[in-house]
Amino acid sequence: MSTASEGATPGFLVWRLSMKWRVAVDRAVAPLGLTHAQYALVASLHGMHRTGLRPSQRRLADHTGLEPLYVSKLARTLESAGLLERTRDPKDPRAVQLALTERGHEVTGQAIKVVHGLLQQLLGPLGGLDSPRAREFTADLATLLDAPLDPFSETAENAENAENNEEQS
């Protein structure tokens, strides 16, 4: 563990790791004309398309964890760049469906390869992407992502009260 991480809380380490990852992906996909957020959108769309889905903006927002308004903004930008198309859902005229264009598939394929290489680097200290340790880490991350967070819950209030009591001691 680095000296900067000694005594750090798990929350701080998750935040630092997410920032390190975002910056690395931003730099890696920039030559392809993408940002990290745009990459998250097109890579998710690519994966959903492979399973036969043509998701709505709302469904893609739920899948990526991005705000629906932000997904809409990103989709418009990616549409202007010729990477995706937005069409009205025939079943729900209020909904907009998203699909990658041919060029979008090409750029996304290149970006996925680049980011996969980064992922191999990131997980190298755990034995690489296919190692048992990396699979366990992935399972732990999924568990944490599935845990509900409510900043107004009793647990959060108790933690805040404990922190205030500690400061007063």
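Predicted model: local features only at pLDDT ≥ 70, side-chain atom pairs only at ≥ 80, totals over all residues.
Salt bridges were examined first. Side chains of opposite charge can pair when their charged atoms come close. A search of the whole structure returns 5 salt bridges. Among them is the pair E85 and R54, whose side chains meet at 3.3 Å, N to O. E85 belongs to strand 1, residues 84-89, while R54 sits in the loop between helix 2 (36-50) and helix 3 (57-64), so the bridge ties together parts that are 31 residues apart in sequence. E85 has a relative accessibility of 36%, so E85 counts as partly exposed. R54 is also partly exposed, at 33%.

Another of these bridges joins R58 to D62. The closest N and O atoms of R58 and D62 are 3.8 Å apart. Both residues lie in helix 3. Their separation is 4 residues, about one turn of the helix. An α-helix has 3.6 residues a turn, so residues three or four places apart point the same way. R58 and D62 are both exposed.

A further bridge links R94 and D92, with the closest N and O atoms 3.1 Å apart. D92, at 23%, counts as partly exposed; the cut-off for buried is under 20%.

Helix 3 has two sides that can be told apart by burial. Its buried residues are Q57, L60 and A61. These three cover an arc of only 105° around the axis, so they fall on the same side of helix 3. The other side of helix 3 carries the exposed residues R58 and D62. Several elements cover the buried residues of helix 3. After helix 3 comes G65. The phi of G65 is positive, near 85°.

The packing of helix 2 was considered next. Two packed helices are described by the angle between their axes and the distance between the axes. Helix 2 packs with helix 4, residues 68-80, at an angle of about 85°. The two axes are 10 Å apart. Helix 2 is therefore roughly perpendicular to helix 4. From helix 2, the residues A37, Q38, L41 and V42 take part in the contact. They meet Y70, V71, L74, A75, T77 and L78 of helix 4. By class, the contact holds 8 nonpolar residues, 2 polar residues and no charged residues.

Helix 2 also contains Y39. The relative accessibility of Y39 is 12%, so this residue counts as buried. Neighbours within four places in sequence were left aside in listing the contacts of Y39. The remaining partners are V25, V29, S44, A111, I112 and V115. Y39 was also compared with V107 in position. The two are 68 residues apart in sequence. In space, their C-alpha atoms lie 9.7 Å apart.

Note on methods: Residues numbered from 1 in each chain as written. Heavy atoms only, no water. Salt bridge = Lys/Arg side-chain N within 4 Å of Asp/Glu carboxyl O. Buried < 20%, exposed > 50% of the residue type's maximum accessible area, 1.4 Å probe, protein only. Axes fitted to C-alpha atoms, helices over the stretch in contact; angles between N-to-C directions. Parallel < 35°, antiparallel > 145°, perpendicular 65-115°, else oblique. Contact = heavy atoms within 4.5 Å. Nonpolar A, V, L, I, M, F, W, Y, C, P; charged D, E, K, R; others polar. Arc of directions from axis to C-beta.
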